[in-house]
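Visitor: Hi, I've got a structure open and some quick questions. Can you walk me through a few spots?
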Amino acid sequence: MSERKTDEVTGVETTGHSWDGIEELNNPLPRWWLWTLYLCIIWAIGYTIAYPAWPMISGATQGVMGWSTRANVAADIATHEDNNAELVSQLVAADVATLPEHPDLNRYAIARGGAVFRANCSQCHGSGAAGAKGYPNLLDDDWLWGGDIDAIMTTVRHGIRNTQDDDARYSEMPAFGEILEPAEIDAVVEHVVSLSHSDFDAALAAQGAVVFADNCASCHGDAGLGMREMGAPNLADAIWLYGGDRETLHKTVEFSRFGVMPPWGPRLKEADIRAVSVYVHSLGGGE
Amino acid sequence: MTSQPDQPLYAARVPIFPRRVNGFFRRFKWWIMAITLGIYYLTPWLRWDRGASLPDQAVLIDLANRRFYFLWIEIWPHEFYFVAGLLIMAGLGLFLFTSALGRVWCGYTCPQTVWTDLFLLVERWIEGDRNARLRLHKASWSLHKWRLRLTKWVVWLVISVATGGAWVFYFTDAPTLLRDLLSFDAHPVAYTTIAILTATTFIFGGFLREQVCIYMCPWPRIQAAMMDPDTITVAYRDWRGEPRGKGNAKTRKAAEAQEAVVAAQAAGAGAARYAGTPYPGKGTQPATPPALDTVSDKGDCIDCMACVNVCPMGIDIRNGQQMECITCALCIDACDDVMARIGKPRGLIDYLALSDEPAERAGAAPKPLWRHILRPRTILYTAMWLLVGVGLLYALFIRSDIELTVSPVRNPTFVVLSDGNVRNIYDVRLRNKAGEARTFRLSLTSDDLLQIGLEGRETLSVTVPADSTVLQRVYVTARADDPAAQEDTTALRLWVEDVSAQIRASKATTFNGRGTK
Ligand code: SF4
Ligand code: SF4
């Protein structure tokens, strides 16, 4: 309880609190100000009645205006979908390979595809589409199954080596650990290294070349240039999905690799599949 | 908690009925009002020919297209630092003026002051001067009172609508908008804006008035940090005026008689009201120390209350410096008028620096005006203000007609291609500020070997439509055995060139290699 004091100069009672010797006058508030405050309080109460506000045990009060952010977002989305309906139907009808000839539609497809990509594909391929070990980099010019827009679209629609889609791209490399001796694997790895590196053991590689011709060339080609029909990677270029060092290659040959991608056909709309294919194609590696 | 039982929770506003005043500062304020209101209402109607595809309004804030046009200057969103710079200059200018001349902004150019002044003018014109208004205020609601009040409100409303209306013209082509507004075709946002600004003008200028300055505006509280004893402000020379009133009976009577004449004039015809006898203009130079009234040994103030009656803030400046005072100088005019009539030198209330008080009290000459104004603080503010201003001017003149921004894509920082080449991606935004489409050629300079390519294009040329931007993905590739592919980073410069107009622009950026070297 503070002591009541009166300010000598003004004759007004002070609040009794002193800050560095300065005391506050306990002047009344302007009437309009006070009424504004009361009005604001009434407004606030009315507002919390009208709109969802008070947290309850299971959910909040709903308000009496029937207003909800979720419904608003749904309405906004519907509006945008309405606005884009024309573009979407064009996209679904278009021949995607010729899309760059229609700049507006192309721009729309890339923008939409970017959104689809970030929501569905970035988990494996990275937000920038640079991939990771075992997940292909979509920015470079190396394609296991083909990099023109139709090939990309097929991959997106049906996926890779999955069991859900009968049309999924499928191939399987045997685990050569059960077929070849470890020394033979070492030799064939040295041969593979020789295809793209300048630094290798020529004698060992020559042995490996024989093993390669017998076991690997049927899929990877005599020169190791790969075969797109089977998704067999080019072994002579600078790009390795799992790594190009001898140790990794040894593991790859011994146990084989089996990357899987789900089919997106059943999950995405037709326009989304087309859009995301156009987007991926536009990232710099499209053929 | 026991507080004084008779202390009310709230206090009603004490209505203020400022009396008409004549004088140098009042006339000066009329001029300022005419000029500021003129600028506000007329600016959107100035035309400026920018060519066919651009708007021909001299000052236009084109929010839809995100452009700001000011005479020959066109500001794009990425150049918003110009606006930020102007705001900083406005802030520094306010600091400068406040530290030198106190609340000149409040007293002369603040919209709240200007519109309140205008509304008061209307009020005086319709309801008469102070005494008449006081009487009307106390009178019961008669037909006469209703008629005056309604007339006043209607005129206020017209001014308010014009105020809100003028604002929206800054945001779109004024003649078109006026036509649309009149035919009820304009966008609802325009009508809403006008309605809100009309309401605020009407309420702030007509009813809230000084309360906006006292309770709503933060400025009176901030200004204290910018003023010091050398600041020129409105003050009462109490050493000259006190003890007031008593003992000056003769002179006081004379002044009161004059007051009555003024009041009678005020009650007369409206048009002649402001044609009072003018007297020579006065600067803000402090008057020479007054010769004290040796006959009565009383001060010069005759307690006629003229200074209080004219004050739009309803305060008595003789009580010393007060937060409410907006330094509008009307009390100076009022008191000078009285001083002239009782044959005393002017300047009992005056623009003066409080630091001069001891000198003046002792009868010595005050410091000259320039020594009050030229202080380290004001010089510093001026220097800062000039610095920002020169910087902005410099930025304005080095602007080019073409521009580019380069944002290197950093996710991932580089891509290795199947032949071992290393590629970087850049998002290049090309801006064409000209009134016609232009074709830009992109090129590259770097000490190390690099090649450039454009996404989705065969050539290195991009055509940008008039007055717009294009975002172009650019690939820069280093061959596997080039130094750039092996180094960590390599400096390079991207050039944009308009071959036909012979202008070019460039941006420096870096190239990320494999970092194997
Ligand atoms: S005291 Fe009143 S009239 Fe005098 S300058 Fe201050 S606000 Fe204006
Ligand atoms: S107008 Fe001048 S003389 Fe009259 S009361 Fe005010 S200070 Fe005193």
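This is a predicted model: local features need pLDDT of at least 70, side-chain atom pairs count only at pLDDT 80 or more; totals for chains, interfaces and linings use all residues.

Visitor: What sits over the ring of Tyr475(B)?
Guide: That's Arg423(B). Its charged end is 4.6 Å from the centre of the Tyr475(B) ring.

Visitor: Now rings with rings. How many aromatic pairs are there over all chains?
Guide: There are 26. Take Phe95(B) and Tyr381(B): their ring centres are 5.8 Å apart and their planes meet at 55°, so this pair is tilted.

Visitor: Which parts of the chain does that pair link?
Guide: Distant ones. Phe95(B) is in helix 2 and Tyr381(B) is in helix 17, both of chain B, and the two residues are 286 apart.

Visitor: Is Tyr381(B) buried or exposed?
Guide: Buried. Its relative accessible area is 13%, and the cut-off for buried is under 20%. Phe95(B) has 29%, so it counts as partly exposed.

Visitor: Which residues do ring pairs link into a cluster?
Guide: Tyr40(B), Tyr41(B), Trp115(B), Trp167(B), Tyr170(B) and Phe171(B).

Visitor: Switching topic. What order do the strands take in the open sheet of chain B?
Guide: The order is 2-3-4, with antiparallel pairing. Strands 2 (59-62) and 4 (73-75) stand at the edges with a single partner each, so one side of each has no neighbour in the sheet. From one strand to the next, the twist averages 10°.

Visitor: How many bridges join strand 2 to strand 3 in chain B?
Guide: 4 bridges. Across that pairing, Val59(B) stands opposite Phe70(B) of strand 3.

Conventions:
Residues are numbered from 1 along each chain as its sequence is written. Chains are lettered from A and ligands numbered from 1 in the order in which they are written. Side-chain values use heavy atoms; hydrogens and water are left out. Two strands pair if DSSP finds at least two bridges between them. Axes are lines fitted to C-alpha atoms, for helices over the stretch in contact, and angles run from 0 to 180 degrees between N-to-C directions. Rings of Phe, Tyr and Trp (its six-membered ring) pair if their centres lie within 6.5 Å; planes under 30 degrees apart count as stacked, over 60 as edge-to-face and the rest as tilted. Buried means under 20% relative accessible area, exposed over 50%, partly exposed in between (1.4 Å probe, protein chains only). A charge sits over a ring if NZ of Lys or CZ of Arg is within 6 Å of the ring centre and within 35 degrees of the ring normal.
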